[in-house]
Number of protein chains: 2
Amino acid sequence: MASFANSLKTTADSVNEVLRRLLPDPEGPEARLLEAMSYSTLAGGKRLRAFLVTASADMFGVGRTSSLRVASAVEMIHTYSLVHDDLPCMDDDDVRRGEPALHIAFNEATAVLAGDALQARAFEILVGCETHPDPTVRCELVRSLAAACGCRGMVGGQMIDLEAEHENIQANDIIRLQQLKTGALIAFSCEAGAILGKVAKPLRQALHQYAHDLGLAFQIIDDLLDAEGDGSTLGKPVRKDSRRGKATLVSALGPERARTQARMLAQQASAHLDPFGEKADIMRAAAEFVISRDR
Amino acid sequence: MASFANSLKTTADSVNEVLRRLLPDPEGPEARLLEAMSYSTLAGGKRLRAFLVTASADMFGVGRTSSLRVASAVEMIHTYSLVHDDLPCMDDDDVRRGEPALHIAFNEATAVLAGDALQARAFEILVGCETHPDPTVRCELVRSLAAACGCRGMVGGQMIDLEAEHENIQANDIIRLQQLKTGALIAFSCEAGAILGKVAKPLRQALHQYAHDLGLAFQIIDDLLDAEGDGSTLGKPVRKDSRRGKATLVSALGPERARTQARMLAQQASAHLDPFGEKADIMRAAAEFVISRDR
């Protein structure tokens, strides 16, 4: 586990460096917007999505220049979604990654605009020649990320999540919600390596299935940490779900069954990696990490 | 002028039809989000940007399937920007195109998410094979639109606009602001035809200069209509700028000089179309239309 944590940290450092380069310099009359974009994007985080992009790309011998650009685009999308989710009209969270949320540190209008600009910048980066020499690959990256973060993906999931508050929803509906809200972007991250490596569909499909199970396991642990974790370790307020009367797999199954479910999902995720043999060991370690993390 | 109004109307009808097809059906648990996306996107509007895309593409013999898809993507970006601009934390407008703004008809959270999803959908459409057979062209469309609507384009302009309220800013700064806020997307619309037609850089540059002058003329008339127009004709509240103490070219130059400036800009815009000869007549008519419109 220690060696995996090191790999995760190394990737996080690399992606942070690339992000710093890819975020526009805070110059000109729009400087405040650019500062806001950097404030949230560089606020830390595990960079799990970035790790999944580079790890899957490494399996197919894709260069790090390519995979780190895609990883940066994914982290920008993830950041924009957190910034918008934290808004008063959405989840109304004042703290993010241990620091004031963007709309607190700046203001609401800036938070809306910074999120909007981060989304545009992510697509601009994906489509840049430096991302991949083959324009067909760059188009497929854009198509796939746009689908993953759009109305039938991440944003759709957030919509269902907001509507589900205070409603009595079933475990199956919760799974569907989470597949969209967090699963779709995690799936793109894992498939990005296959897209960059131009590998055959079945291998991409195997990564998709790995991501599916990994994403659900990740979300269950997230909800368990919210229900049982320590706010100061997590860097964000806890017990939010129960205060909002929000249904999660933890509330639907109880913490014990939920934890068992997460373990099963992580094992299942690793099994989908069989076609890749030893090359996928680090992605198996990622599945193990996801269920053993404490923040 | 009547014949131009007809052309504009015909293009609007075509793009509305394509938009209806390209907007996801309101099915599934995220249906409410999809309804919101359609509510704002199909609420009408002149579709001037869509017109500029198809008119510029027509000059280079580009098929309407291609240009209407790009036009739809542009209108989705334009719509998302209006939806977010209308939010209480931004311009706080309750009425848009004569109907309740999206955050009034639905709610604020839905307005944020619908805007986000429209942006993603626009890029997804641009990058689809049906938009153009050449993936290099599709990549250039994505790159160019992302730049036009991002932090150094539309969103950057909106940020400067918000910060400029109640500040005493000069005519030059107002021009810079408007070049970003409305000019960048208008420029993309005009250049889209050149990108789709794979024409030489100087011709694309001529369209860019046309768009630059057209965009400024358009904005001056917009500000004049706000200062002097009739809210019931416009379908939106008027005198907003002066109530907010917002600097515009109209407040900086006075209405007379502003109107003269708009006329000069429209003539200058048309002059940039000289390399295209008669083929560009309809785009010259567009410049004429922009300064003579009453809504």
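**Entry 1: the fold of chain A**

I began with contacts in chain A: of those with a separation of 6 or more, 71% are between residues 24 or more positions apart. Two residues are in contact here if their C-beta atoms, placed from the backbone, lie within 7 Å. I noted that this is a predicted model, where local features need pLDDT of at least 70, side-chain atom pairs count only at pLDDT 80 or more, and totals for chains, interfaces and linings use all residues. Residues are numbered from 1 along each chain as its sequence is written, while chains are lettered from A and ligands numbered from 1 in the order in which they are written.

I then looked up the secondary structure of chain A, which comes to 15 helices and two strands. These are DSSP runs, numbered from the N terminus (helices: H or I, at least four residues; strands: E, at least two). The C-alpha trace of chain A spans about 55 × 50 × 35 Å along its principal axes. Buried residues make up 55% of its 295 residues; buried means 20 or more other C-beta atoms within 10 Å of the residue's own, exposed 12 or fewer, and partly exposed in between, with C-beta atoms placed from the backbone.

**Entry 2: the two copies**

I checked how the chains relate: a rotation of 180° with 0.0 Å of shift along its axis superposes chain A on chain B, at an RMSD of 0.0 Å. The two copies are therefore related as by a two-fold rotation axis. The superposition is by least squares on C-alpha atoms of residues with pLDDT of at least 70 in both copies. In chain A, A:Pro135 comes closest to the axis, its C-alpha at 2.8 Å.

I looked at the contact next, which takes 45 residues from chain A and 45 residues from chain B. Among the elements giving two or more residues to the side of chain A are helix H2 (31–41) and helix H9 (171–196). H6(A) gives the most to that side, with 11 residues.

**Entry 3: helix H9 of chain A**

I followed H9(A) along its length and found a bend of about 55° at A:Gly183, taken as the angle between axes fitted to the seven residues ending there and the seven starting there. H9(A) is mostly covered, with 20 of its 26 residues buried. Just after H9(A), A:Lys198 takes a positive phi of about 50°.

**Entry 4: A:Gln268**

I finished on A:Gln268, found in helix H14 (residues 255–271) of chain A. A:Gln268 has 17 C-beta neighbours inside 10 Å, so this residue counts as partly exposed. A:Tyr210 is 58 residues from A:Gln268 in sequence and 7.6 Å away in space, C-alpha to C-alpha.
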